[in-house]
Amino acid sequence: MCLWRRPRHRCRLLLWAAACVALRLSTREAGSCYTPPASEIEVLSRRGLAIGAAAAASLDVLPARAILGLFEGPKVVPYTMPGVFNISMPPDYVLKKSAPGLLAWQGDRIQPVEVMTAKSKAVDFASLAEALGSNATEVGERMAKVRPAVRVNSTTEATLVEALVDPAGSGLDIYQFEWISDFIHELKLYALVKGEGKNYLCSVNLRTAALLWEDRQELFRSIMASFAPLETQPKREAAAAAPA
């Protein structure tokens, strides 16, 4: 695969290009009016090296999809599940359906399995432990047996790759699962959210073809990280935070 097509390699190439441009501009600015003495040339050289070192050091702290100049993350469009939570999607993901308690997007136009959904439903449960189970790994393994298949309205058994409790460490009552089957790679988040005096069981589901997962996983995880309840939530109870 061409290195330019991989997000982290693109970031490295862009950052080094920025460092080279900055070094060139610093020396041109100094040389446009007069010829500096050797001592000043040495200062400019050190300045250029410092810029290059800073760019290199930033490779591990900037997002891999950073944009040259502003160093922003991927562009996203925020959506609101009325009264419950916000979630953000890339602008090229087309909103295909909007109904009470349901939002659905289509990602890749060629891959029909690349579908994203967000749902919310008022429930009587006070926690995910009550609604789904207190052990996230057991919950994920149970759900792995009936994952969506390529054929519409059919299911297949998948393999649980990962089960996380409160993956962002935000104190929210959240489980996040990753499953893989022969044709589909899936990331799914469940959350118990309080809003407008009710408890809502919420989910965000991101699916793509298994062969595309390597290119999609960073974006999918950033989408999950954008999940944000509209109201301030109480910290989850210790019982709901049982180790996965």
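The following exercises, with worked solutions, concern a predicted model.

**Exercise 1.** Determine whether Thr 208 is buried or exposed, and identify its surroundings.

*Solution.* 
Step 1. Locate the residue: Thr 208 belongs to strand E11, which comprises residues 198–209.
Step 2. The relative accessible area of Thr 208 is 0%; a residue counts as buried under 20%. Thr 208 is therefore buried.
Step 3. List the contacts, setting aside neighbours within four places in sequence. Thr 208 is in contact with Val 113, Glu 114, Phe 183, Ile 184, His 185, Trp 213, Arg 216 and Phe 220.
Step 4. Examine the polar contact. The side chains of Thr 208 and Glu 114 make such a contact at 2.5 Å.

**Exercise 2.** Compare the span of helix H5 with the expected value, and state which residues of H5 are buried and what covers them.

*Solution.* 
Step 1. Helix H5 has 13 residues, 213–225.
Step 2. From first C-alpha to last, H5 reaches 17 Å, close to the 18 Å expected at 1.5 Å a residue.
Step 3. Buried in H5 are Trp 213, Arg 216, Leu 219, Phe 220, Ile 223 and Met 224.
Step 4. The cover over these buried residues includes strands E2 (85–89), E5 (115–123), E9 (174–180), E10 (184–195) and E11.

Terms used: Residues are numbered from 1 along each chain as its sequence is written. This is a predicted model: local features need pLDDT of at least 70, side-chain atom pairs count only at pLDDT 80 or more; totals for chains, interfaces and linings use all residues. Side-chain values use heavy atoms; hydrogens and water are left out. Helices (H or I, at least four residues) and strands (E, at least two) are DSSP runs, numbered from the N terminus. Buried means under 20% relative accessible area, exposed over 50%, partly exposed in between (1.4 Å probe, protein chains only). A polar contact is a pair of N or O atoms within 3.5 Å; within protein, one must be able to donate a hydrogen and the other to accept it, and residues adjacent in sequence count only if both atoms are side-chain atoms. Contact means heavy atoms within 4.5 Å. The expected span of a helix is 1.5 Å times one less than its number of residues.
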